[in-house]
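Visitor: I am new to protein structures and would like to learn how to read one feature after another. Could you take me through this one, giving me the general idea first and then the case at hand?

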Amino acid sequence: MTNQSSHITPLSAGEGYSRKAAGAIVFATNNPHKLEEIRSILGGSFDILSLSDIGCHADIPETANTLEGNAIQKARYIVDHFGYDCFADDTGLEVSVLGGEPGVRSARYAEGTDHDSEANMRKLLSRLDGKDDRRAQFRTVICLARRDDIADYTLFEGIVRGTIAREKQGTEGFGYDPIFVPEGYTESFAQLGMDVKNGISHRARAVEKLARYLKK
């Protein structure tokens, strides 16, 4: 399947209906990094649409205090308002010595910011300054909601364990990738590159479970 930009013109009513009938699934994001990662993992098996593809520009609520809750909110919103099958994810970096922080607040960990990766990493490295226990895990929860049964949903979880580096390493990836070193490796996600990351990441593991479920 050809990679699609997250800035594609929204589908026309007729095209949208035909793709619904053909089994297109919305991934509730406009994050180009996430879209690239998901499409790479799933390959050509599924017709994956972004929020922009279906003309959704709303600020979808993410007000739950758990990853599971946020994923459910986002997936149900799309099914309810746009009529597509949808899967949505929420991901958190959970650091052992910090009691699971930043967790559900990972994207907004630094005060007064929203998805500011540099600020989030600076805060986390500062919180871990002088600490030897740097164990952490990335955890992704995916919620799949279907238009034929909006009251029901299915959750899929993926976890990758590792440690937090003492400084940024590498330039690829996004989010906390430059400071997360997965178990069994000596390089960060940002150094390993997308091909390696897509084979071992938390999101990859959750998406693999989703794909197996969809292919049943």
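Guide: Let us begin with the order of the elements, keeping in mind that this is a predicted model. Read along the sequence, the pattern of the protein is α-β-α-β-α-β-β-α-β-β-β-α-α-α, which comprises seven helices and seven strands.

Visitor: What share of the residues counts as buried?

Guide: The protein has 216 residues, and 47% of them count as buried. Its accessible surface comes to about 10400 Å², and carbon and sulfur atoms hold 46% of that surface. Among the contacts with a separation of 6 or more, 59% are between residues 24 or more positions apart.

Visitor: How many disulfides are found in the whole structure?

Guide: For a disulfide, two cysteine sulfur atoms must lie within 2.5 Å, and a search of the whole structure finds zero. Cys 56 is in no disulfide, and the nearest cysteine sulfur, which belongs to Cys 86, is 8.9 Å away. Cys 143 is likewise in no disulfide, with the sulfur of Cys 86 as its nearest at 8.0 Å. Cys 56 counts as buried at 1% relative accessibility, and Cys 143 is buried with a relative accessible area of 0%.

Visitor: How should I read the peptide bond from Glu 101 to Pro 102, as cis or trans?

Guide: The general idea is that most peptide bonds are trans. The bond from Glu 101 to Pro 102, however, is cis, with omega near -5°, and Pro 102 lies in strand 4, which covers residues 102–103.

Visitor: And how is a pair of aromatic rings described?

Guide: One gives the distance of the centres and the angle of the planes. By the rule used here, the count comes to five aromatic pairs. In one of them, the rings of Phe 27 and Phe 87 have centres 4.9 Å apart and planes at 15°, so this pair is stacked. The pair links distant parts of the chain, since Phe 27 is in strand 1 and Phe 87 is in strand 3, 60 residues apart. Phe 27 counts as buried at 1% relative accessibility, and Phe 87 is buried with a relative accessible area of 1%.

Visitor: What are the distance and the angle for the rings of Phe 156 and Tyr 213?

Guide: Their centres are 5.4 Å apart and their planes are at 65°, so the pair is edge-to-face. Phe 156 in strand 6 and Tyr 213 in helix 7 are 57 residues apart, so that this pair, too, links distant parts of the chain. Phe 156 is buried, with a relative accessible area of 8%, whereas Tyr 213 is partly exposed, with 31%. Ring pairs also link Phe 138, Phe 180 and Phe 189 into a cluster.

Visitor: Which rings have a charged group or a lysine lying over them?

Guide: The charged end of Lys 123 sits over the ring of Tyr 109, 4.3 Å from the centre of that ring. Lys 197 lies over the face of Phe 174, at 4.4 Å from the ring centre.

Visitor: Finally, where is Asp 177 found, and what does it touch?

Guide: Asp 177 is found in the loop between strand 6 and strand 7, and at 2% relative accessibility this residue counts as buried. The side chain of Asp 177 reaches the backbone nitrogen of Phe 174 at 3.0 Å. Leaving aside residues up to four places away in sequence, Asp 177 touches several residues, including Phe 138, Phe 189 and Lys 197.

Methods
Residues are numbered from 1 along each chain as its sequence is written. This is a predicted model: local features need pLDDT of at least 70, side-chain atom pairs count only at pLDDT 80 or more; totals for chains, interfaces and linings use all residues. Side-chain values use heavy atoms; hydrogens and water are left out. Helices (H or I, at least four residues) and strands (E, at least two) are DSSP runs, numbered from the N terminus. Buried means under 20% relative accessible area, exposed over 50%, partly exposed in between (1.4 Å probe, protein chains only). Contact means heavy atoms within 4.5 Å. Accessible areas come from the Shrake-Rupley method with a 1.4 Å probe; for residues, only the protein chains shown count as cover. A polar contact is a pair of N or O atoms within 3.5 Å; within protein, one must be able to donate a hydrogen and the other to accept it, and residues adjacent in sequence count only if both atoms are side-chain atoms. Rings of Phe, Tyr and Trp (its six-membered ring) pair if their centres lie within 6.5 Å; planes under 30 degrees apart count as stacked, over 60 as edge-to-face and the rest as tilted. A charge sits over a ring if NZ of Lys or CZ of Arg is within 6 Å of the ring centre and within 35 degrees of the ring normal.
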